[in-house]
Amino acid sequence: MAKRQDTKKFFENLSGSGKSIGVLTSGGDAQGMNAAVRAVVRMGIYVGAKVYFIHEGYQGMVDGGENIEEASWESVSSMLQVGGTVIGSARCKEFRSHEGRLKAAHHLVQHGITNLCVIGGDGSLTGANLFREEWSGLLEELVQQGLIDQEAAQNNSELHIVGMVGSIDNDFCGTDMTIGTDSALHRIIEVVDAIMTTAQSHQRTFVLEVMGRHCGYLALVSALACGADWVLIPEMPPEDGWEEQMCQKLSESRSRGSRLNIIIVAEGATDRHGKAITVDNVKDLVVRCLGFDTRVTILGHVQRGGTPSAFDRILASRMGVEAVLALLEASATTPACVVSLCGNQAVRLPLMECVQMTQDVQKAMDEKNFEEAVRLRGRSFENNLNTYKLLSFRKADSELPHEENGSPYNSSFNVAVLNVGAPAAGMNAAVRSAVRVGISEGHKMFAVNDGFEGFYKGQIKEIKWGDVGGWTGQGGSILGTKRTLPAKYLDKIAEQIRIHNINALLVIGGFEAFLGVMELSAAREKYNEFCVPMVMVPATVSNNIPGSDLSIGADTALNAITDTCDRIKQSASGTKRRVFIIETMGGYCGYLASVGGLAAGADAVYIYEEPFDIRDLQSNVEHLTEKMKTGIQRGLVLRNENSNVNFTTDFIYQLYSEEGKGVFDCRKNVLGHMQQGGAPSPFDRNFGTKISAKAIQWISKKLKESYKEGKVFANTEDTACLLGMRRRALVFQPVVQLKEETDFVHRIPKEQWWLKLRPLMKILAKYKTSYDVSDSGQLEHVTRIRPKKD
């Protein structure tokens, strides 16, 4: 309780009363910028500050007049789902001059704006920092010229800057993901998935160019997400002779039965000598050397367009709120900072440290120090590149590890992979990654069909490299998945492990997979067959697995919810005021409802973890009624399927219908299994690919450690683990130790990180609530989270 009181006190000390915040978007547009603007405006108003739109970026600041406009709560309604930036963005040459910045300073002082939230790329943020450094001098000049008096200069003596990086290129060092990157990946993968169907029909090779300027992130991750045959990026130019290697790989792929090839080229790709590699170069090479029917597709500005993904809306909303808190805390000695994301954690980093590191990347590339360039890009980029390298090239038998000192380490171990629980989009990408990394590590990989049920029935067969081709974009579970737990069939499963000489297990699935690994681990005392390394990778739309902040499949489900909510709200445009009641999946876990509500701009979300009664329902109806009277036309209410046994979706619909009579009418929608279906999102494909690769590498390590006297024997706690995302990193945790963190009755973790996002959702929906700032980002240095390797 003390912590809660301290937190409230801390928040009260950060009151924005009397402060003015200006928000602008600058440089290239990116999906999600509007969500960031909306969050800044509403959080600013919530803390008592005045918030101003600065239209057309720095150009609007220089021109002043109507370009600087006070924002109201209603002025940012219905912009969450809109792509681009509704307040406009422009590149401004005038702001680069001293005279231009002097005009901009004058216009800010006229409105009393001493806090700036800049959403843009490294150029925009560098300009903002220079503006801050010159601020005192600019005020002196304005006083000397008689444009402002001494009192105005005194009242506006400090300018505070906080940046949010809005760029589809993800080229800014210090953050794992910039606003707009995930949405751009959605556009790319939608195109690639569509192209793959026509390429397969005609046995064609497609060469695609994606954006990114001098950064290969979009190309690299889209290559991972679609299983491309080859990728060319600026940070890691191909070795001399790459043309022959690429053609050989394409030819081998066709000889194994593949009917298509996909090559992805970043727009800034070069060879080792700095010569540009274009899509036309690559096409001509393939046609000349292989004679394949080859086509070129340049995606262009379609990557910037469309609605923002669920991830970008949530990221931008979190960052917008964090930016306001950072501005309220700022003092004269606080450096300009950028609000950033590291893993699943919000952080604040000194702006110029990030800018300097971003410039160092280009310097390293110019000096042909490509390994340093990759390191400077950050942990996320480096992990993606390492995973791509693991998956892209099938090693010849002569290259595989062989026996060392009488140990068959990595030459003959058998590793089984199975899916358990309900299907989740991204499971197939995880299986593909596990199979190919396992083969690269020298293992023989076995696929188990239909989970533990298939295991005890003996539905086990070896799975080869080519068998998992094209799996990344497939929804559901190709292996088949069942909810059956192993406890009743331990004898039969142990027998199958003996028959197939299984030395390690990778279980990909939901809560049943977690329970299954716990049951197998507990049975080790009786069955030596279960004394093998086993690891579980969380894959469930419900995101209810203890030990992991995120699960494979949850992002795809969130996008399904968000897209459906957008369409449902749009269906009411032009009609009278309407409220929609939407039911989501999740069992007793309110993740989908809460985070989906944040992404879709919900007015209320009902979940099991936050008990509610009839008074809360009545309060929500009254709140919506008041909002409707201010001109809002649509309301959105989400309910988790098991949030309350009595307050069902039908009950809430009828209550809202009755109490809203004369003000709004109601409609209800149960989303159902559409949340489990469909092609996996780029995030789920990438997350599934990386987490499975890491799981197999852990298995290899444990096999080496536990191989003694001609057999594998692993019975310690740390050889039966769950691999989960914990705040900033992927962590292996013994399943036995996760028992204390688990509510087994309701199949949820006892503590869930996303509950801290609920007050944020309520604030953005205009509720008065206490906001816990104890988990907000603290100012760090780039080197702390990007340690240099020895």
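Guide: Because the model is predicted, local features need pLDDT of at least 70 and side-chain atom pairs count only at pLDDT 80 or more, while totals for chains, interfaces and linings use all residues. Residues are numbered from 1 along each chain as its sequence is written, and side-chain values use heavy atoms, with hydrogens and water left out.

Visitor: Why is the contact of Lys668 and Asp650 called a salt bridge?

Guide: The term requires a side-chain nitrogen of Lys or Arg within 4 Å of a carboxyl oxygen of Asp or Glu, and for Lys668 and Asp650 the N to O distance is 2.0 Å, so the pair qualifies. A search of the whole structure finds 35 salt bridges.

Visitor: What makes this pair a link between distant parts of the chain?

Guide: Lys668 lies in strand β21 (residues 665–670) and Asp650 in helix α22 (residues 649–659), 18 residues apart; helices (H or I, at least four residues) and strands (E, at least two) are DSSP runs, numbered from the N terminus.

Visitor: Why is Lys668 called partly exposed?

Guide: Buried means under 20% relative accessible area, exposed over 50%, and partly exposed in between, with a 1.4 Å probe and protein chains only. Lys668 has 41%, and Asp650, at 38%, is partly exposed as well.

Visitor: How do you know that Lys701 and Glu705 are separated by about one helical turn?

Guide: Lys701 and Glu705 are four residues apart in helix α23 (residues 682–706), which means a separation of about one helical turn. An α-helix has 3.6 residues a turn, so residues three or four places apart point the same way. The side chains of Lys701 and Glu705 meet in a salt bridge at 3.2 Å, N to O.

Visitor: What makes Lys702 buried, and with which residue does Lys702 form a salt bridge?

Guide: The relative accessible area of Lys702 is 8%, so Lys702 counts as buried. Lys702 forms a salt bridge with Glu705, the closest N and O atoms being 3.5 Å apart, whereas Glu705 is partly exposed at 43%.

Visitor: Why is helix α20 called largely enclosed by the rest of the structure?

Guide: Ten of the ten residues of α20 (residues 591–600) are buried, and therefore the helix is largely enclosed. Its buried residues, among them Tyr591 and Leu598, pack against elements including α11 (310–329), α19 (554–570) and β20 (634–640), where contact means heavy atoms within 4.5 Å. Just after α20, Gly601 takes a positive phi of about 75°.
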